[in-house]
Amino acid sequence: MIAFLLKRFLTLIITLLGITIISFSIIHLAPGGPLSPLTEFNPKITPEYREKLVKMYGLDKPLYVQYWKWLKGIIKLDFGRSFSLDQRPVWDKIKERLPVTLFINALSLFLILLIAIPMGVYSAVKAESAFDRITTVVTFIGYAMPSFWLAIILMMIFGVKLQWLPISGLHSTIGYDEMNLFQKVWDWTKHLICPLFVATFGGLAGVLRYVRNSMYEVLKSDFILFARAKGLPERVVIYKHALRNALLPLITILGLSIPGLVGGSVIFETIFGIPGVGQLMWQAVMARDYPVIMANLFLISFLTLLGNFLADIGYALADPRIRLESK
Amino acid sequence: MRELLKELIKHKIGCASLIVIFILVVLALFAPYLSPYDPFEINVNEILLPPSLKHPLGTDLLGRDVLSRMIYASRISLEVSLVAVGISIGIGIFLGSLAGYLGGIVDQIISRFIDIMLCFPTIFLILAVIAYLEPSILTIMIVIGATSWMGVARLVRAEIMSLKERDFVLIARVYGAGTFRIIFRHLLPNALPPVLVSASLGLGQAILIESALSFLGIGVQPPIPSWGNILIEGKETLEIAWWLSVFPGLAILITVLAFTLLGETLQEVLNPKREIR
């Protein structure tokens, strides 16, 4: 197990370095260098001042020196200052938004599992039934559904036509401070229903399909035939023998589905006006706020990597075959 | 190729997706003849008209005919997705066959690079890159292509790895065939079926990404119509003009569904051993 952990950890470090190198190279894609949004079209910035900025950000040094400096910075969570008017440190801006995005994504991941596992298992057990067909239809519509359109349609039906749900923000702005705890929770819930629906529907397709097919395969295998031949009740065969084997690889699938889920945050946070990192990313791109963009890109991919790493370890803990294999 | 088409038509779902895609291609190719109005023509007397016989899908904020704009938009979507998928398949085949055939350190480096690329949520990566470039149709094609090749690369790598030790490769080498000849003439054709499947799925995904980017304001720029950027107006006029949001979204959904289902059917037809739904 220790050898396995060490090997995985080494891979983690190498991949992390790769992420920093790619993020860093993107900064230098900018025509005119990373300072161009600050200096271009700004008559107040004289060539001398520009020179000073270049010195300040160390842009006159060779690339590897700059990379090293940037790398040392991010270890201390120092991503520089935002180019926006407030010029706040980038990390402060991200810090206050990260919990919102993580909360919504964790919740939608939980909902995905809550729906996908029973639905997928039932479809596999009743393969080719009407229920199974419905599952297939849900899967494909989920694959093809543009999430931003789904968001707009939900807004139109529940926000505008029926007026049941608010269409923007994380909580009400007027009268929020006067609410008691119960009212606040209810207020949050109402605001989160639509965004959560969009996030969950987007991620559901892949997981649902995986559960269904995995269970279907396992049910056809020899040991299930044997369990049935032994005369075990169908309930035990399905829920004890088959389910365990079918769901094990799901840990890895969940790890792999993290980038997609987090990527979806950009869309639903922008549409529903939710103050998370996805919305921050979009705003930063529109304003060409490069330090914020880079920090966001790096942090999100770092979290994805971490999620994959934990999934790998979880899988190895749950399934001894994996850790023995990699020795 | 003809047999493949025959097989596809036998499948109900494959046939339906082919018909949808065919209609779309015809609309895109003959947009100037098929669209009832000029998609760029502003008409202040006909702002935000609901669907009617005269304007089957209504008009937008500037009085332009939505149907005509949507027909022209199908051009953009198909163009962008075709070029993007072409790029991603090109990169994928190139890196995948290098890694699979050469193995060793080259394979290590390429495989690690693929893992690294997969850590970036695609939309974040695309946003970051686009922030540094001017948003244009060409930029989007390249960026989508350059961020979606990893799946193909893995497929090709695995396929070539499993084939390169076979006898027919050895014989080709004995006859003096070079590395590139072996890869392109003897190994790659075997990897083609799965690549074809992932191209079809990729076309759908590329259309989804393009429309999402256009909706976010960093993809296809107005006045050039795209299903995504018509939806920007749709979101602004949510309360008064449902037709501006409903139709473009449906177009995206149906198109992506068609490419996805075509991909699925292809997989079933090309590889009947595997159970696919």
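Start by selecting chain B, which has 12 helices and zero strands. Keep in mind as you look around that this is a predicted model. Follow chain B from the N terminus and the elements run α-α-α-α-α-α-α-α-α-α-α-α. Its C-alpha trace spans about 75 × 45 × 30 Å along the principal axes.

Stay in chain B and pick B:P222 and B:P223. The peptide bond that joins B:P222 and B:P223 is cis, with omega at about 10°. Most peptide bonds are trans. As for where you are, B:P223 sits in the loop between α10 (179-215) and α11 (227-236) of chain B.

Now bring chain A back and look at where the two chains meet. Here, 55 residues of chain A are in contact with 46 residues of chain B. The area buried between chain A and chain B comes to about 4600 Å², and carbon and sulfur atoms give 78% of that. Which residues of chain A lose the most area to chain B? Select A:F140, A:F148 and A:W149: together they make up 14% of what the chain A side buries.

To see a salt bridge between the chains, zoom in on B:E264 and A:R209, whose side chains meet at 3.0 Å, N to O. Polar contacts across the interface of chain A and chain B come to six residue pairs, with both residues at pLDDT 80 or more. Colour the chain A side that touches chain B by element, and you'll find that those giving two or more residues are α1 (2-27), α7 (130-144), α8 (147-161), α9 (181-219), α12 (250-272), α13 (277-287) and α14 (290-318) of chain A. The one that gives the most to this side is α1(A), with nine residues.

An unreviewed UniProt entry annotates "transmembrane region" over residues 9-30, 102-125, 137-160, 188-211, 247-272 and 292-318 of chain A.

- Residues 188-211 of chain A are 100% helix and 0% strand, with the end C-alpha atoms 31 Å apart.
- Residues 292-318 of chain A are also 100% helix and 0% strand, and the end C-alpha atoms of this span lie 38 Å apart.

The unreviewed entry in UniProt also places "domain: ABC transmembrane type-1" on residues 98-311 of chain A. Select residues 98-311 of chain A and you get 82% helix and 0% strand, with end C-alpha atoms 21 Å apart.

Rings next. The structure holds 17 aromatic pairs over all chains. One of them is A:F197 with A:F201, a stacked pair at 6.1 Å centre to centre and 5° between the planes. A:F197 and A:F201 are separated by about one helical turn, because they are four residues apart in helix α9 of chain A.

Salt bridges over all chains number 13. Go to A:D312 and A:R8, whose side chains meet at 2.8 Å, N to O. A:D312 lies in helix α14 of chain A and A:R8 in helix α1 of chain A, so this pair ties together parts that are 304 residues apart in sequence.

Last stop: A:L77, in the loop between α4 (63-75) and α5 (90-95) of chain A. Check the backbone there, as phi of A:L77 is positive, near 60°. Most residues other than glycine have a negative phi.

Key
Residues numbered from 1 in each chain as written. Chains lettered and ligands numbered in written order. Predicted model: local features only at pLDDT ≥ 70, side-chain atom pairs only at ≥ 80, totals over all residues. Heavy atoms only, no water. Contact = heavy atoms within 4.5 Å. Buried area = accessible area lost by both parts, 1.4 Å probe. Salt bridge = Lys/Arg side-chain N within 4 Å of Asp/Glu carboxyl O. Polar contact = N/O pair within 3.5 Å; in protein donor to acceptor, adjacent residues only side chain to side chain. UniProt positions renumbered as here; feature names shortened; annotations may be inferred. Phe/Tyr/Trp six-rings, centres within 6.5 Å; stacked < 30°, edge-to-face > 60°.
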